[in-house]
Amino acid sequence: MAGTTPRFVDVVFCVLYVILSLASNCTAAFEKQNSTGLTNAVTWDPHSLSIFGQRIFILSAEFHPWRQPNPNLWKDIFQKIKANGFNTVSFYINWALHYPSASSDPDFHPGTYRDIQMFINEAKGAGLWLIARPGPYITSVPDGETTGGGFPGWVGNIAGSLRTDNKTGNLKFLVSAWQPYMNSISQLLAKNQITNGGPGENSFFTKKIQHTNVQNKQVILVQAENEFSAGGDHSPYMQAIIDTYRANGIVVRTWFTIALSYCLVFNFMEAITFNDQHAGEAGNFSPDLGGEGAVNIYCGDSYPQGTNSWAQVQSVYYSNHEAVAFSNPLCLAEVRFGGGFLLSWGATSRGGTGYEKYKSTMIAVNLTNAQYEDVFYKENYAQTATILMLYGGTNWGQTLEPTVYTSYDYGGGINENRVLTPKMPEMRLQGLFLRVSRDLLSATLIANGTNYTTSTAIHTAELRNLASNAGYYILRHQSSPSTNLDVTKLNVSTSMGTFLIPQIGNITINGRESKILVTDYVFGESKVSILYSTTEVMTWTTIDNTDYVLLYAPQGQTGETAFVLSTRPQVSTNGANVSYDWTNGILKMNYLLNGTSFVDVKFQRTSLRVMLLDKQTAGGPYLIREAAISGNVLSLNGDVNMTTQVEVVGPSAVTKITWNGMEQVVRRTDQGTLVFNAFGPPSLSLPDLKKWKVLNSLPEAQRTFDDSLFTLADLTQTNIINSMQYTNLPPLAGSVVLYSQQYGFFGGNLIFRGHFNASGEETGVTLTVQGGVAFGYSTYLNGDFLGSYVGDPSTSVITNTWNISRDSLLPGEDNILTVFQEISILVETRLLTVIDRVETTWALSKLVPRGVRGYNLIGGNTTFTEWRIQGNFGGSTNNTDKFRGYLNEGGLYAERIGAHLPGFDDSLWLDGDPSDGIHGPGVNFYRTTFSLNLEDDFIDTPIRLSITPSNITSNFRVQIYLNGWQQAIAITYARLPLLVDPRLSSFSLQGFLDDNQENTLAISLWSLDEEGSSIAGLQLISDGTFRSSMEFKDYTDAPDYAAQKGLRPAPLYYSPISEA
């Protein structure tokens, strides 16, 4: 809901040594280890990966650098990822952003979203490993959803098929197209491989892995290509990618993937990997099946959840893997567990972001909420998985591809505005457990089914480490969508015989819930063994010679845990609702989960403290970023959205606590813990948006507009090879080619102006326009409106005939037909299906055209004498704004003159408010400024822009610009009122909102109808206010208008389209 943030439990248990020095529980013997032969820093066997000889479970979160284009905020996201259970980040690298033209040098502009080294450095600072996915193809459908699938637009101008070996004839030029990029990015990644160091002294996802190099490089895996299949000319191309990696010094392993979302990954860059579709069944490029292009680690992908309702879990991963990649650990690299899924234009009705259905706690819509993570992630562990979108961000500017809209929130655990959602505590709990449960990483699947429990409604998988005998029983409903509450008992095998547990009471599985229950689980410095437990292990550690183990279950459930103790212990329940019994060397505790309870156990020279927590309490606070001890002082850094009581379990030597650098007033409880209050943020008052200025931003519709500076369209054919024209989608009519890519325009608004000498007999014009799904266009003759194609979420190309009245013609003179087109974003075609029907009528893998595919005047035997085309000013090669990049702007007049930039002089513009709207078709461009004046840089204020249309039956499109950055695009269709960008009520302003300087907000309003349109409401709304340890400074590096004034056309003022 707009303006609200999740409330997390007010009590936080910061078990310091859990964070700072987790002990290893890895007792299993290693099998023969595999490696690339180039390094032994990362090795693997059929169970798991090992880094520097230690088994590691890689729990990876997906995060794409350009989707948070303010690099100063990368640190915030990385710290949130690390604090919530993950140890790795997987990231795409977008070729199109780094090579805007075929002749350009690699663009890794420092301090921008293209600064990949800075991205790697920030991950290093957070103590995260990295999985690099440089492509060159990084997918457009169904997951990466970026323009051209990461291919630059200019690649489409090279004749031949993409993603093949291209070794003969003209096809060799496609190899020369991707090799410079792959060489430069491979060299950058090679410098940052784990072989040059790795997360070490500051790492808390492993027990201080020891090695001699202390450079702390982060990259552990590199992916070769994406969404691909072996055979034919594919395999040589795949091998060429791998050879390029190796030639440039990458020695870590390679892999391949087909789509990501939050991901369980066992992947490491000491080898090259590949992720295959169909749940890892096909074996494409598997090392065990061999062949050209084979990678080191084979991974599968799967999309087990439905998009509108809960689905049954998929239990085929293990069997598929054993059939095609038996020498590898089971790698599920793209399983879209927990992260969510993409939404396309028209996927949901107006209101919110549309992605709420992936986070809601309501049974009807909670598709990938915390319950989904609980059930589906643990099902993967049950199939011996030991290895995507956590943070989606924004498809700003022209970086999206046509099937998706601007928000890439994805339903992730961190929303588009960087706010943690209620999904994160579940991942935190799982991550903590996986860090300390090393025996799980070499466990074997013994069996599964409903015969383990007394209730056939419950499914159990038994995993066992054959060396240590540690057992893991993973329980869920047999029908995973079930919302029933069922109770059961479980048959377990232990070192002391078989048991039906619990002996008192039952195990509760309440609806969409799963539990990992352990047997013969050894923990702590004293090597105490949990014989069995009906509640889950959160984590364990040792503090002041006392072993701690934390157990949890949902509030109100009961638990039973048995410890193996050779002598009768002394037990203190500290007033908790706990009963216990010691018989035959077994201490059995029974308890109710409600808040937090401490049970102290002493036997011989061993001290044990059992902490019993309900699941909400175990999930922890909103955010703790860092914890460190120096002498008697504990330093905590974190964020709160309200005043929060923090309770610390730590060494007795700690007597003082600082929170975000400030010493706190603390008190010591009867349990020896320290308690203090972390004070919340101040209230926030957001300014109104008023004092707007307005300009007509489609003067090109008028005959008198001077288009002499537009690009002359003079190409008479597209690239030809083997009798096939450009992309196998040749022009349909007309003497010159009007494909925008052929003239260096690769996204955004396009303007075409066709000149002809009218005879007076012309009665119409037929246009075929291609722009990708949901695109639209308007056409004018000599300033008179002929009509608009308003768009459709399933149509990418359209043919229309527009009538011409005699009153619009100027016989014997130069007549000008103007076509204004929007949503001209690129797409690579190999995987497209019904989403973009027209663009899938051929199989050649190419970028499809954008622009006018055909044009023909009807009547009078008249032909066009000249066509001119305009996109973003300067195109991709000579674009004016090198900092924001060529995909930030389109060809709208206001964009070309720089009216979207801060500092542009609009003093001569007329006053005009978007709520007044426009009467008739056309584009008005509105500007205003506002200030937040927060003053405190340690207050985080994720803010969105709320838009309410005056009439939802009108056809209009909106573009939003904040401080020169194009933040969002919105579309509404009158005939299909539900097929809209649902973000009409919620546009993130994340990344470029200045807290302490004046902000410039601009909006283009394009009416496609004679009736016109308007925006009834525009207001700023907050996703919450957070007092943080992180300093949030205004991102002011991007140039304003003054810095670009001399490079842009001199602005002329055009009176706005008459207001309603």
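Author: The second largest cavity of this predicted model has a volume of about 190 Å³. A cavity is a set of points on a 1 Å grid, over the protein atoms alone, where a 1.4 Å probe fits but cannot get out; its volume is the space filled by probe spheres set on points joined across faces, edges and corners. The lining comprises 18 residues (an atom within 4 Å of a point), and Leu73, Arg418, Gly991, Leu993 and Asp995 are those nearest the centre of the cavity. By class, eight lining residues are nonpolar, four polar and six charged, with Asp, Glu, Lys and Arg counted as charged, Gly among the polar, and Ala, Val, Leu, Ile, Met, Phe, Trp, Tyr, Cys and Pro as nonpolar.

Helix H2 spans residues 74-83, and nine of its ten residues are buried (under 20% relative accessible area, 1.4 Å probe, protein chains only). Helices of at least four residues and strands of at least two are DSSP runs numbered from the N terminus. The buried residues of H2 are Trp74, Asp76, Ile77, Phe78, Gln79, Lys80, Ile81, Lys82 and Ala83. Among the elements covering them, by contacts of heavy atoms within 4.5 Å, are helix H4 (116-126), helix H9 (424-436), strand S30 (623-630) and strand S50 (939-940). After H2 comes Gly85, with a positive phi near 100 degrees.

Strand S55, residues 999-1007, has nine of its nine residues buried. In a regular strand the side chains alternate between the two faces of the sheet. In S55, Asn999, Leu1001, Ile1003, Leu1005 and Ser1007 point one way, while Thr1000, Ala1002, Ser1004 and Trp1006 point the other way, and all are buried. Two strands pair when DSSP finds at least two bridges between them. S55 pairs antiparallel with strand S49 (residues 922-930) over nine bridges, and Phe930 has Asn999 as its bridge partner. Strand S52 (residues 956-962) also runs antiparallel to S55, joined to it by seven bridges, with Arg957 opposite Trp1006.

As to confidence, the average pLDDT (the predictor's confidence in each residue, from 0 to 100) is 82, and 78% of the residues score at least 70. Residues 198-215 stay under 50, and the model gives them 47 contacts beyond four places in sequence. Residues 721-727 are likewise below 50, with 27 contacts beyond near neighbours in sequence. Where pLDDT is low, the predicted coordinates should not be read in detail.

Residues are numbered from 1 along each chain as its sequence is written, and side-chain values use heavy atoms, leaving out hydrogens and water. Local features need pLDDT of at least 70 and side-chain atom pairs 80 or more, whereas totals for chains, interfaces and linings use all residues.

Terms used:
Buried means under 20% relative accessible area, exposed over 50%, partly exposed in between (1.4 Å probe, protein chains only). On a 1 Å grid over the protein atoms alone, a cavity is a set of points where a 1.4 Å probe fits but cannot get out, and a pocket is an open set with protein on both sides within 12 Å along at least five of seven lines; lining residues have an atom within 4 Å of a point.
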